[in-house]
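Please examine the model shown below. The paragraphs that follow lead through selected features of it, one after another.

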Amino acid sequence: MKLLVKLGGTLLDTDATRAQLARQIADISRTAPLVVVHGGGRQMTRYLEERGIKSQFVNGLRVTTPEVLDAVVKVVAGSVNRQLVAVLNRAGAKAVGVSGMDASLVEAEQMDPALGGVGRVTRVNPELLYTLLAGGFLPVVACVAGDRAGRFYNVNADQMAVACAAAFGADQLIFLTDVEGVLDGSKQLVPQLSPEASGALIAAGIATGGMLAKLNAAHDALRRGVPQVRIAAGSAAGVLERILAGESLGTRIAAEEVHA
């Protein structure tokens, strides 16, 4: 089974959680093709605040000025990626940190001039992922992409994960985040959702903010041929092993629920 695991930046902000996830990912990577995509929003906000730069968001996307884009490269593709690679290697993986810029892995274009350097993925060239996996390496992808003219962009990590999962041919996309999954109007966990039912949660204003973005990303993944998507709490003990063992953990959105 091919897997793509997307790690939210919140999960990578503490040594304990980072190490716990690294042990699981390293174990799985020895027996299954696995790609990791990660964010770094919390670390970005902290870095910018320390330099007196206030973060602005439009529909959940960080307005990316030249100063912010420089910080994305330094923080997300730099320190966050390097720290994650280091802890994965310490856990026994053969992790290689890359961004969408490497070998034109992920190409993008400007999404909206009002958002500055925020990119929309236009193409994924998965040859680099295939090459690394064939050599027994674990690709760890930071959410920075570029275009053929050498410009680079800040790409939403959920969107980056979906694009890579589809191009890589993942059998499952797992979003590990800081909440237990999708909640209904009574704040109860929904273990399984069809796109229609999740659309109803969105229309009713129940799924908002980060969860709205993840549900939209999950729908996009299904449309692109990824058979199933899981949204679960990355801090749950043994979360990845339990999901792969078939435990009903978090919220599952599956292709068989899709109706034309």
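The second largest pocket holds about 160 Å³ of space. On a 1 Å grid over the protein atoms alone, a pocket is an open set of points where a 1.4 Å probe fits, with protein on both sides within 12 Å along at least five of seven lines; a cavity is a set from which the probe cannot get out, and lining residues have an atom within 4 Å of a point. Grid points are joined across faces, edges and corners, and the volume is the space filled by probe spheres set on the points. Rolling a probe the size of a water molecule over the atoms shows where empty space is left.

This is a predicted model, in which local features need pLDDT of at least 70 and side-chain atom pairs count only at pLDDT 80 or more, whereas totals for chains, interfaces and linings use all residues. Residues are numbered from 1 along each chain as its sequence is written, and side-chain values use heavy atoms, with hydrogens and water left out.

The lining of the second largest pocket includes Leu-12, Arg-18, Tyr-47, Glu-50 and Val-80. Helix H2 (41–50) and helix H3 (66–90) are the elements that give two or more residues to this lining. Helices (H or I, at least four residues) and strands (E, at least two) are DSSP runs, numbered from the N terminus. By class, the lining has 4 nonpolar, 3 polar and 4 charged residues; Ala, Val, Leu, Ile, Met, Phe, Trp, Tyr, Cys and Pro count as nonpolar, Asp, Glu, Lys and Arg as charged, and the others, Gly among them, as polar.

Met-101 belongs to the loop between strand E5 (95–99) and strand E6 (106–110). Met-101 counts as partly exposed because its relative accessibility is 34%; buried means under 20% relative accessible area, exposed over 50%, and partly exposed in between (1.4 Å probe, protein chains only). Ala-103 lies in the loop between E5 and E6 as well, and its phi is near 55 degrees, a positive value in a residue other than glycine. With a relative accessible area of 61%, Ala-103 is exposed. Ser-104, found in the loop between E5 and E6, has a phi near 50 degrees, again positive in a residue other than glycine.

Side chains of opposite charge can pair when their charged atoms come close. The structure holds 13 salt bridges, each a side-chain nitrogen of Lys or Arg within 4 Å of a carboxyl oxygen of Asp or Glu. One of them joins Glu-107 and Arg-148 (2.8 Å, N to O). This pair links distant parts of the chain, 41 residues apart: Glu-107 is in strand E6, and Arg-148 is in the loop between strand E9 (144–146) and strand E10 (152–154). Glu-107 is buried, at 9% relative accessibility, whereas Arg-148 is exposed, at 63%.

Where do Arg-223 and Asp-220 lie? Both belong to helix H7 (residues 209–223), 3 residues apart, about one turn of the helix, and their side chains meet in a salt bridge (4.0 Å, N to O). A network of salt bridges links Lys-6, Asp-158 and Lys-214.
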